[in-house]
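This briefing is for a reader meeting the structure for the first time. Please look at the sequence and the model before reading the points below.

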Amino acid sequence: MATETAVDVVMPQMGVSVSEGTITKWLKQEGEQVEADESLLEISTDKVDTEVPSPASGTLTQILVQEGETVEVGTKLAQIGGAPAGNGQAQPAPPEPATAPAAAEAEAASGAEGETPTAAQVEEARPAEPEPEPGPTPVAPAETAPAGDGATDGKSFVSPVVARIASEHGVDPGQVQGTGRGGRVTKKDILTFIEQGAPAAAPAAPEAPAAPAPPPAEAPAAPPPPKPVAPAPQPVAAEPGEQMEPMTAMRRGIAEHMRRSLDTSAHVTSAIEVDMSKVVAIRKKLKKEYEAAYGVNPTYLSFVARATVETLREYPWINGEIRGEQIVTRNYVNLGFAVELADGKGLIVPVLKHAEGLNLLGVARGVADIAQRARDKKLTPDEVQGGTFTITNPGGYGTFHGTPVISQPQAAILGTYAVVKRPWVIQDDRGEDVIAIRPIMNLTLTYDHRLVDGALAGRFLRDLREKLQTSDESAY
Amino acid sequence: MSEKTYLQAISDGLREEMRRDKRVFVIGEDVGVYGGAFKVTLGFQEEFGAWRVIDAPLSETAIVGGCTGAAIMGMRPVAEMQFADFISCAWDQLVTVAAKQRWRAGTPVPITIRLPSGGGFSGGPFHSQNPESSFAHIPGLKVICPATPEDAKGLLASAIQDPNPCLYFEHKHLYRRIKAEVPDERYETPFGKARVHQAGDDLSVITWGAMVYTAEEAAQQLDGDGVSVEILDLRTLVPWDKQAVLESVRKTSKVLVLHEDTHTGGFGGEIAATIAEEAFEDLDAPVKRITAPDTPVPFSPPLEKAFIPQVEDVVAGLRDLSEY
C-alpha cells in the first residue's frame, strides 16, 4: 500500500478572497484508508465552513497540519499514499498502534468540545513522528527555514527596490535587520538603516575610512582587527566647529568606485614629457578654421585623445580588461573623459563611443558635447558606460603630474597636464645642442600592473609622444 | 455647491448638457415616458420633448447603430443601456463601426453610452457585470468609470464633448448610496487624470468605481496598525493615468490593484504589467490583485458577497502586503 504514488492534500482555495483556513477536524486518521471524494477533513474559513474531499484513494500516510491550526491556502495538509516521509522508502507506513491512541486522544479531546485538542497534545501522542530527520520530510525543511534564516544565510529574498537602494548607497542588504516576512529586508528597513548612518558597505574595513574623522572612542579599538569593527555605527553628532552634510549619491558612488579600483588593480604610474611644438602650430592654424566652420575648438585634449586612440591600436592590452580569468581586447576604443561638474561637487566620466572612427574634428566635437551635457546633467546612462580607456585632464589648473585612479574595469588611464614653456635642449641644424623654448606637456599613464608591464607602458608612452611630436596636420 | 447623490449628479449633468447644446439627445429603453429604469432621465421628456428623449425599441443594436449614424451626421447622442450587460447585443455596431469609423473614414463619432453597471444587490449574471475591461481592449473607445458625484457630472460633460465613442460606466451600487458636494456650475473633468482619493505612504491601492469605497473602508481598518494607505481612483481606464500610478508606486513600493470586474484579462492585469515594466526597481513586494473570480455573477446573496471583493478581503490583502 505504501507503493502507490503520493498525493498531496492542500488547503483549498474557497473563493479568491479567502487566503487561509483553519482545520476544525480530521475525519480520517493517519494510516486509515480513504476513498477519492470521501470527506477527509473539515475546515473553516472566514467565508465558509466546509468538508474537504480526498483528492485520491489510498492510505492517509501523514497528517501535517493539526486540528486548530490556521494555514494559508495551498499549504500541504496531508499526504495520501506513498511513503510517510515523502520519499520512496525511508520509513514504512506509520506504526498503527502508535497512531491509534493519538487518534483516540484527539477525538476524545475534540469530542469533549473544550478548547479542541492542542496541536501539542496530538504531536506528543505521536511517538513515531518526532525525529523525521533522515529525509526531506515535507515539514522539516519548512520549519527549519524560518528558524535558521535570520540574516545569516543571506538567502532571504531581496526585492527590486531594496536591491536598487542597496546598490545606490553601496550598502549590503545582508547587514540590515529585516522586519518583513521571514526576516526579509523591506524598503523601509534599508532606508532606516541608511538614514541612521549605514557603514559604507563591507570593503570599508581597512585604514582609510576609519581614519578621517570618527570619534576617538572607536579609534583605539581599531588597530589590529580586520573587519568586524567596520559595521560599528558612526552616526556621531558634529564636534564644535565641524559641519556635517549628507553625502550625495554621486559622492557615495565615487567613493565606492575609487576604493574598489585601488583594491582591484595594481596601480603604477609612468610619466613622459612631450614637446608640443607641432601640435601648437597645427592647432593655431586649425583653430580659426574649426571655429569659423564648425563652431568647435580643437583643444590640446582632442589632439592628445586623437593620438591616444591611434596609439592604442598597437597596444590592445592597454585598451583591454581583465575579466575573470580572461584578458579582453577589442577592435574599438570607447574613450572616457573625466569631467568635473560645474558645482565642483562631483566627477563623471562620459564616454565617446567608437572614437577610433573619429578624426580630430569628430573627437573635439564629441568631447565638447559630452562635457557640456555632463555639466548640464543631461547625459543618458548609456553615455557613462562601456568605456575601454579613460583620459583625465587636470592640467587646466597648471598641475604637471598626477597619479589618477583607474576607472574599473579598464586597464589604464592617461593623465594630461599643463602645456608649459620650458628651456629645452634640442639639436640645431649643425647637430649642436642648443637650448630652445618649447611648449612641453607631461603625460602620465597609470596602468594596472596585473595586465600591463612597465615596459609595455613605456613603449606606449614613447609611441604616443612620437605621434604628438612628429605628426603633421594630415595625421589628425 | 450642493449635496447630491451620484444618480442626481448624472441626471443634472445630462440635463445641463441638453440645455446648452441642441445636438445632444437621449435614446434608450424606457428613458422617455418612464424616466429610465433608474430614473436618471425622469422629467426629461417633459422638458425636452419626445424627439430629444427617445424611447427605443428593445434593440441595443438599433440604439447604438442609430447613435453612430446620428453622430456621423453631427449630433451628440447619449444612449442608455438599461443595464451595462446588454451592450453585448450592440458589440458589432460599437466595436466594428463606431470605434473604427474615424480611423477608417475620418469622421468623428461623438457618442456617449451610459452603462449602469456593477453588482451588490443580487441582480444575478445579466444585471451585475462590470464589463469595462472588454472595451478598454478596443482601440477607438474611451472608458469612463466615475466614483464620486462630482466626477460623475464632470466626466459626463467631458464624454459628451469628446469626439470619440465614450463608454460611461455608472455604478448602480453608488446611485443613491453615495452623496457628496457637487459644484452647481458646469465643468468638465478631464480624462486620464487619476484622483488621489486619500494620500498615504505605505501601500497603494489602484482602483476605480465602487471599489474606491471598499478600499477606503479597508484602509480605515489599517489605520489602527499605523499603516498608511494611498488610494488612487483612476476615473478613466482609457485613457488611464499611468504617471499617477507610477508615482504612487515609487512612493510606496507596494501595490494592490483592486477591481470588481473578473480576474483574467481584467484591467488590473494591464496595470500590474505596466508597473512591472516601468517601475520594477521600485517594487518591494509582488503587485497584488484583488478582483472578482472568473465566474458569472451569482444570484445568491452570500455567493454574490463571496464574488464581489469585500472590505475584509481588501483588509487581508493589504495586511499581507504590509507584512511582506
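The model is predicted. Chain B contains eleven helices and 14 strands, and 53% of its 324 residues count as buried.

**Chain B overall**
- Among the contacts in chain B with a separation of 6 or more, 80% are between residues 24 or more positions apart.

- Strand β10 of chain B spans residues 203–207 and is mostly covered, with five of its five residues buried.
- In a regular strand, side chains alternate between the two faces of the sheet.
- On one side of β10(B) are B:Leu203, B:Val205 and B:Thr207, and on the other are B:Ser204 and B:Ile206; all are buried, and both faces are covered.
- Strand β11 (residues 229–233) of chain B pairs with β10(B) in the parallel sense, over five bridges.
- Within this pairing, B:Ile231 in β11(B) stands opposite B:Val205.
- The bridge partner of B:Ile206 in β13(B) is B:Val257.

**Contact between the chains**
- Chain A contributes 15 residues to the contact and chain B contributes 19 residues.
- On the side of chain B that touches chain A, helix α11 (residues 311–323) of chain B gives the most, with five residues.
- That side of chain B is made up of eight nonpolar, four polar and seven charged residues.

**An open sheet in chain A**
- Four strands of chain A form an open sheet in the order β1-β8-β6-β3, with antiparallel pairing.
- Its edge strands are β1 (7–10) and β3 (33–34) of chain A, each of which pairs on one side only.
- Two bridges link β3(A) to strand β6 (residues 58–63) of chain A in the antiparallel sense.
- A:Gln33 has A:Thr59 in β6(A) as its bridge partner.

**A loop residue in chain A**
- A:Gly174 lies in the loop between α4 (160–169) and α5 (187–195) of chain A.
- Is A:Gly174 buried, exposed or partly exposed? A:Gly174 is partly exposed because 16 other C-beta atoms lie within 10 Å, whereas a buried residue has 20 or more and an exposed one 12 or fewer.
- A:Gly174 and A:Val158 are 16 residues apart along the chain, and their C-alpha atoms are separated by 9.3 Å.

Notes
Residues are numbered from 1 along each chain as its sequence is written. Chains are lettered from A and ligands numbered from 1 in the order in which they are written. This is a predicted model: local features need pLDDT of at least 70, side-chain atom pairs count only at pLDDT 80 or more; totals for chains, interfaces and linings use all residues. Two residues are in contact if their C-beta atoms, placed from the backbone, lie within 7 Å. Ala, Val, Leu, Ile, Met, Phe, Trp, Tyr, Cys and Pro count as nonpolar, Asp, Glu, Lys and Arg as charged, and the others, Gly among them, as polar. Two strands pair if DSSP finds at least two bridges between them.
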